[in-house]
4 protein chains.
Amino acid sequence: MHAEQKGINEECGIFGVWDHPRAAELTYYGLHSMQHRGQDGAGLVVNSGRRLRAHKGLGLVNDVFQDASFQELTGSAAIGHVRNATEGSHTYENVQPLLFQSQTESMALAHNGNLINADSLRTELEHEGSILQTSSDMEVLAHLMKKSSMETNETSIADALNQTTGAYGILMMTDDTLYAALDPNGIRPLSIGRLGDAYVVASESCAFDQIGAVFERDVLPGELVAINDDGVQSSRFAIRGQRKMCSMEYVYLSRPDSDVNTVNVHASRKQMGKELAKESPANADIVVGVPDSSISAAIGFAEASGLPYEMGIIKNRYVGRTFIQPTQDLREQGVKMKLAPVRGMVAGKRVVMVDDSIVRGTTSKRIVDMLKHAGASEVHVRIASPPIQHPCWYGIDMSTYRELIAANYTLEAIGELIGANSLGFLSEPGLEKAIVKDKSLHQGICTACMTGDYPVAKGAERVLTHKRS
Amino acid sequence: MHAEQKGINEECGIFGVWDHPRAAELTYYGLHSMQHRGQDGAGLVVNSGRRLRAHKGLGLVNDVFQDASFQELTGSAAIGHVRNATEGSHTYENVQPLLFQSQTESMALAHNGNLINADSLRTELEHEGSILQTSSDMEVLAHLMKKSSMETNETSIADALNQTTGAYGILMMTDDTLYAALDPNGIRPLSIGRLGDAYVVASESCAFDQIGAVFERDVLPGELVAINDDGVQSSRFAIRGQRKMCSMEYVYLSRPDSDVNTVNVHASRKQMGKELAKESPANADIVVGVPDSSISAAIGFAEASGLPYEMGIIKNRYVGRTFIQPTQDLREQGVKMKLAPVRGMVAGKRVVMVDDSIVRGTTSKRIVDMLKHAGASEVHVRIASPPIQHPCWYGIDMSTYRELIAANYTLEAIGELIGANSLGFLSEPGLEKAIVKDKSLHQGICTACMTGDYPVAKGAERVLTHKRS
Amino acid sequence: MHAEQKGINEECGIFGVWDHPRAAELTYYGLHSMQHRGQDGAGLVVNSGRRLRAHKGLGLVNDVFQDASFQELTGSAAIGHVRNATEGSHTYENVQPLLFQSQTESMALAHNGNLINADSLRTELEHEGSILQTSSDMEVLAHLMKKSSMETNETSIADALNQTTGAYGILMMTDDTLYAALDPNGIRPLSIGRLGDAYVVASESCAFDQIGAVFERDVLPGELVAINDDGVQSSRFAIRGQRKMCSMEYVYLSRPDSDVNTVNVHASRKQMGKELAKESPANADIVVGVPDSSISAAIGFAEASGLPYEMGIIKNRYVGRTFIQPTQDLREQGVKMKLAPVRGMVAGKRVVMVDDSIVRGTTSKRIVDMLKHAGASEVHVRIASPPIQHPCWYGIDMSTYRELIAANYTLEAIGELIGANSLGFLSEPGLEKAIVKDKSLHQGICTACMTGDYPVAKGAERVLTHKRS
Amino acid sequence: MHAEQKGINEECGIFGVWDHPRAAELTYYGLHSMQHRGQDGAGLVVNSGRRLRAHKGLGLVNDVFQDASFQELTGSAAIGHVRNATEGSHTYENVQPLLFQSQTESMALAHNGNLINADSLRTELEHEGSILQTSSDMEVLAHLMKKSSMETNETSIADALNQTTGAYGILMMTDDTLYAALDPNGIRPLSIGRLGDAYVVASESCAFDQIGAVFERDVLPGELVAINDDGVQSSRFAIRGQRKMCSMEYVYLSRPDSDVNTVNVHASRKQMGKELAKESPANADIVVGVPDSSISAAIGFAEASGLPYEMGIIKNRYVGRTFIQPTQDLREQGVKMKLAPVRGMVAGKRVVMVDDSIVRGTTSKRIVDMLKHAGASEVHVRIASPPIQHPCWYGIDMSTYRELIAANYTLEAIGELIGANSLGFLSEPGLEKAIVKDKSLHQGICTACMTGDYPVAKGAERVLTHKRS
């Protein structure tokens, strides 16, 4: 189902283009295709060669750009961002890309992910007399670069990145170069594509399809790519670690049409459903998926189990930001919001309800109740990923993990709490099997939130290196 | 796929509630669940016992009601409407319900459908000195009632309806009664439900599920139902004809979770897909459906054919009214709008592309092209309904039928025009088999647009009866 | 001061143009110059020769037209309207011009004023089977015309007007003619101007200056003017009565730059101030006027009395519809809204405060208090018109006259109630002297609200004439 | 007349309050009363004791605050700002107050005026590794303070101010103190008032009247005032120079009800008009003023000359941001915008047209033309201030002075260019006589733009003092 209902919020999608006459418009369409990655703010900075110019705002991509004049946002390079605000950070100032213009140079920055040691770096910087005006990790990075050198280039970027630790894809743009960087473990996705002579970079490959571009390659862990009029230069700012792509990208974050680390998301989800059917079969009449993100897994489960897939739950497409929420008493009388049961399909049936994950369990309980009220005789809940038991440090909103149901209850207890006739989760090996084709360096996944096995430790922040010198 | 892209526009959904303390809010949620039936305007009239009060506007239900104060829209009865404007009628004045308040009585009207003889009735009325201020059929009906009698009651309503011919569901509300009427052939849907002690009436049963109401029965062809504090009274204003439910309600108009004439829409669509697989199999690798309305048929096709169902086409959920359309040159460079192919699923595959219907053929061609560009080796188009070859007179927008591709080209020619490797339509008997369980009076369907067999003739308008007397 | 604060609301201004290629735009500017006559709604109907097309809405002229496309509002003739809504009538439906389009003809209507017998005419029409959809007098008139004849022309208009009684300026437009009509006593203003070859008609002559047009003549009492491609034809639909121009147009309604019945408004106000100074001198140091409408009278008072005119009260120009009203406790702490005293001018001074009229007295009291708090040692209130003691039947909002202070209290009592050190009103002869240059037929004024001497009696409605024949 | 039409733009008004439970609302009303000082942006920062919180935006005060929730903007201290953007700076980032929050302290800054050496200071700061994100002088000041000391207090503020040179009123707020500072020559206005126990500070005294506060004293040249829970502490950060209050504050910038440096603005303008009548009398029939800012001078001219003051030009109050500007051809046909002549008053008359100043001369020419078209037989232009011949360095927008008509033409030539029958300016001694009561230290005025006599030299910037140490 939809991330926002779960309380899982991934932070952001980024997009960049170099050498296309309609750079700002392409960025708009690229951001639009990644709208699911962040709905609280959007922005772009376009590069006309002589100056960088920003257009950004709070809200959906369409809201932000409906007043934009693309006639004025001229330039052949641009970077853009969609943002998912964590609590307290939902202000205009924090909308990316951040744009810094001094009398001698300009730079724009945008990122997807999290710098684990941002707070301690910020303390050091302020202690040394710097003034920071946002709560953005990218402002910290800009100050590190400024301190490293008086001009922006590969050296100062690499120096600054080496002072940070975390999981991130980063785009930076100066007057003459577009930079893309990925964290040493490649926990967050970032890919490079081509559109004719132009280069494009995006968090998700669906952005390439949206604009007619062709996928070329992923940015490598620890790689810094510089794209400018001389072509593409690659350097390594850190020792390349084991690839640890966030498994949640496959479970529910990415769009089904995207390829993440060269694996198609819909196909991996369908395979998760198939593995789940093998590991945890159910004696039932039909299989239903919770729209939208669990449909692929439900179809896989149906195929593997031989049960018919039916549309047992429907999602109202018109529930947007201006939807008037029903009052408590109307909800209790049965007024629905986003999801509704298809009574004609589920009444009298033993239903396998496939969902992608469980966080707090409250949504699962509501859907089970809904199906039973609509007449389902049994509801067997099957979750196409392992239980989430640990907080994420790498860019998934932590604040919502306080009540992780799987960290506090046994499988049986959870099943009872949500009212399911039976409950099954996909195993961690099953998940890996569904995603990873060959266990090479390139295909590892991060399952820290399920296993507690964190690829980047939290205490391991590097200190401000220039202080030593 | 989505109706608006096809050029098929059904006109409207209606909703009414009697005897519930939150009548206006329930109407809002009911209309919201029928948003797919009309996106150009919405409105409601609420009845406080002493007066009728309207709130309406152009745009989506959410747009219209975001400024509404439900504190002020008090009353225990209400009727509402969502509207699909035909060209030239997209004005505030035409948004329903129409509300007529004289010094002695008040009346609100809303309808779904079309009065075939509205124009000639209008001419007569104006010739006799009446002033009509909208282009709405309901204003014509109000004048007929006013002429029939000086007060609104069953007699004058029946008299007025008898002067009209057409296909319609109508809701009317006076100070003390809610009326529901259905055309003599029952071409349009209209159902009655219960919510505790309250009665609800709606074009589609999904509105009942939305508010937690329970389906009770359909309004019968030629029936006039009066609901007031004395309960429900039923009368017949016309001889009941053969039930001829619009088959397009099943093919793409209604929501999959609705039951139309007691048949679930998703189930009938899935069955259409199965019949289609039997009638018109394809030698292929995967089955994909065009979102949203063709998914059910595609799943049915996959089940019956044994081919895997895959998510080969994805629909961007965020393309709303403020989406900035790509310019022609960007579209030609490959910038997508609402639909995008899932390259990872279709590349190198022989694809069965299931769609619900073909009107002009331009959209089908675009999707076939899109799939081939994404690498599909073959695209076999299967349409889960018979070719549309005749205009509809009963409320489906006529203006778009000028270029009905199936009225002008052979099957082979159409296949060539849209670039398909093969093309198959569901047969008319196959369609009927998928929808109609027993061929009783209650279950006939109208297939006029496919067969030219019109249940209500166009020249058969009754004349103004009171003129003769 | 400003009318809205007083509780005096005049209803509306009208504007028409014939034979100018930019008719809609000129109407926009004409309406804009008459914005002070109505701030609740605005609209225009433009005539392209083949059809009439409306653009209207609630709010200020700028609000209504900021989304208008004048490229589409093409045509060489137009009529427009600004509206001041009375309580309960503030709906889109009541915004004028009303536009009636039948299959054979079109007609648009707009008026300024009031039909006294509209309610009884409405009852008759509804009794005869007509359906009226607004509370507008112009809909009644349209029905009368429709009943009188099946086509709109001078005869049917004259017939319809003869069935009404009241005070009004009316503009009507059909496909081929613009009509202007004035009530038999000429109580409301309506003038004709020229702009090159084009004709323009407006409630107030400031609209002519706004668009560069030249005043030609006033429409005469009881006159019906028809302007079309054959030129201007004048006819008389009623016996011409004694001209009785509303004196309130001079006192505060009209803009100071307008000429009403050939008398400049600023000049007449200044003269009222001079007469007032003669009739009711004050022993004081300075003269201040309450902005905006009393400034002219205050300057006149200063000139005649020899006292200096000072800016003792200032009006905040930026208090618009989105101004956040101070809460009661902040108001009590002294937070001001629209008017503020100029402490530096009034402190320690004996002030003559000139205002144009007193309705309820609450505003006067507030201003006197404000001046005293700002340090004025004495405040002598001088009102540049006679006490208002009777309701108006001719288009000034009645609802606010319930508490006419001058109908309930003596001069001394009023002075005490508002806290003035002395109080004086202009006499009725003084008012007439200031406005009327020669007491001919053409220059009489209506002072019914001051004297109770009503030029058109309320019981004297004519009955529906066509019923007799 | 209105500043914006002239091309003279003063930059900004500031307002602060300490120790009032409704600090944010009072700031809203205070800013509202100073709306004439800046119409491009507005903002406030409120202090809840634990944190500073900002609300700001582009546009008018009402636009910015119509969505504000004063329930959430809690706190007993606040500072606010209205902004007049110069070209290229009209962005959200530049809207004041600027708010800087570090992990250890918070500070908000707002100013009215100009730091002459901001650019060179900025260069130094960037050279030393600072990142500046706006083009605001206040960001420069914040960095200077940060560099001077790691905490904000009187010492670091004084140190920072001593590195700047210019003309300014500044408000700063930390968690526990409100600071107000004025430039060493007191070129810009800044006053302190009381509202019960609360302190208020504002650029213009009209803000005190708006909220019911009482003027206490002006901030002195070179004074730094600290207001906190211990009361008010005053210190001197610079040697106090000769008071040189900007004479333009009297000529047209300030509201007539304000007292600037204890002199009432309306009274000084009226006196300018009287002096002008003495210096430059005219043989004429009537005196008219150009609304709004020249009305006081016109009344003074009338009083001194014995000619009657008449309302010969009227200003349309409803021309706001959404007004649709007439196209060139409509303007040429005579469609007016903001100002219109009162034909009835000026036709056939010899008119003295009093205006406050002439910058480019284009507006004057348009008004003279307008009056002559309206029938004035002669137009004698009298300007109530000396010719503007030099650019301002102290906060009045420079960019518009390129074409200062008085710097390039003789008096005779100007008169001819604007089409006046005669032309007269007030002399510089006449101006001073009208404003300055006693020529003490406290009452000098800056007339640099008229005389070229600049109180603060442009080359005299102090250098970064901490570099020397």
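Mentor: We may. The model is predicted, and in it 50 residues of chain B are in contact with 50 residues of chain A.

Trainee: Which element gives the largest share of the side of chain B that touches chain A?

Mentor: Several elements of chain B give two or more residues to that side, among them α3 (61–65), α9 (265–279) and α10 (295–305). The list also includes β19 (339–341) and α12 (343–346) of chain B. The largest share is five residues, and the element that gives it is α2(B).

Trainee: How many residues of chain D are in contact with chain C?

Mentor: The side of chain C that touches chain D draws at least two residues from each of several elements, including α7 (206–211), α9 (265–279) and α10 (295–305) of chain C. Its largest share, five residues, comes from α2(C). In total, 50 residues of chain C meet residues of chain D, and the number on the chain D side is 50.

Trainee: How far apart are the nearest C-alpha atoms of chain A and chain C?

Mentor: Chain B and chain D have no contact, and their closest C-alpha atoms lie 14 Å apart. Chain A and chain C do not touch either, and the distance between their nearest C-alpha atoms is 14 Å.

Trainee: Let us turn to the sheet in chain C. Which strands stand at its edges?

Mentor: The sheet is open and has six strands in the order β5-β6-β7-β8-β12-β13 (chain C), paired in the antiparallel sense. Two of these strands have a single partner each, so one side of each is left without a neighbour in the sheet. On average, neighbouring strands of the sheet are turned by 15° against each other, direction ignored. The edge strands of chain C are β5 (98–101) and β13 (231–236).

Trainee: Which residue is the bridge partner of Y179(C) in β12(C)?

Mentor: Strands of a sheet pair through backbone hydrogen bonds, either parallel or antiparallel. Strand β8 (residues 177–182) of chain C and strand β12 (residues 223–228) of chain C pair in the antiparallel sense over five bridges. Within β12(C), the partner of Y179(C) is A226(C).

Trainee: How many residues lie between β12(C) and β13(C) in their hairpin?

Mentor: Six bridges join β12(C) to β13(C), and the two strands run antiparallel. N228(C) stands opposite G231(C) in β13(C). The number of residues between the two strands of the hairpin is two.

Trainee: At what angle does helix α6 of chain C run to β12(C)?

Mentor: Helix α6 (residues 154–162) of chain C lies across several strands: β7 (166–174), β8, β12 and β13 of chain C. Its angle to β12(C) is about 150°.

Trainee: In chain B, which residue of β8(B) is the bridge partner of M173(B)?

Mentor: Chain B also has an open sheet of six strands, in the order β5-β6-β7-β8-β12-β13 (chain B), with antiparallel pairing. In chain B, strand β7 (residues 166–174) is joined by five bridges to strand β8 (residues 177–182). The bridge partner of M173(B) is L178(B).

Trainee: Is C12(A) buried or exposed?

Mentor: UniProt lists C12(A) under "active site" in an unreviewed entry. C12(A) lies in the loop between α1 (3–6) and β1 (13–18) of chain A, and among the residues it touches are R37(A), H81(A) and N112(A). The limit for a buried residue is 20 or more other C-beta atoms within 10 Å. C12(A) has 27, so its class is buried.

Trainee: How far apart are the C-alpha centres of the two domains of chain A?

Mentor: The domain assignment gives domain 1 (3–241) and domain 2 (260–432) of chain A. The distance between their C-alpha centres is 34 Å.

Definitions and conventions:
Residues are numbered from 1 along each chain as its sequence is written. Chains are lettered from A and ligands numbered from 1 in the order in which they are written. This is a predicted model: local features need pLDDT of at least 70, side-chain atom pairs count only at pLDDT 80 or more; totals for chains, interfaces and linings use all residues. Two strands pair if DSSP finds at least two bridges between them. Helices (H or I, at least four residues) and strands (E, at least two) are DSSP runs, numbered from the N terminus. Axes are lines fitted to C-alpha atoms, for helices over the stretch in contact, and angles run from 0 to 180 degrees between N-to-C directions. Two residues are in contact if their C-beta atoms, placed from the backbone, lie within 7 Å. UniProt positions are given in the numbering used here, feature names are shortened, and annotations may be inferred rather than shown by experiment. A residue is buried if 20 or more other C-beta atoms lie within 10 Å of its own, exposed if 12 or fewer, and partly exposed in between; C-beta atoms are placed from the backbone. Domain bounds come from an automatic or database domain assignment. Lists of a residue's contacts leave out its neighbours within four places in sequence.
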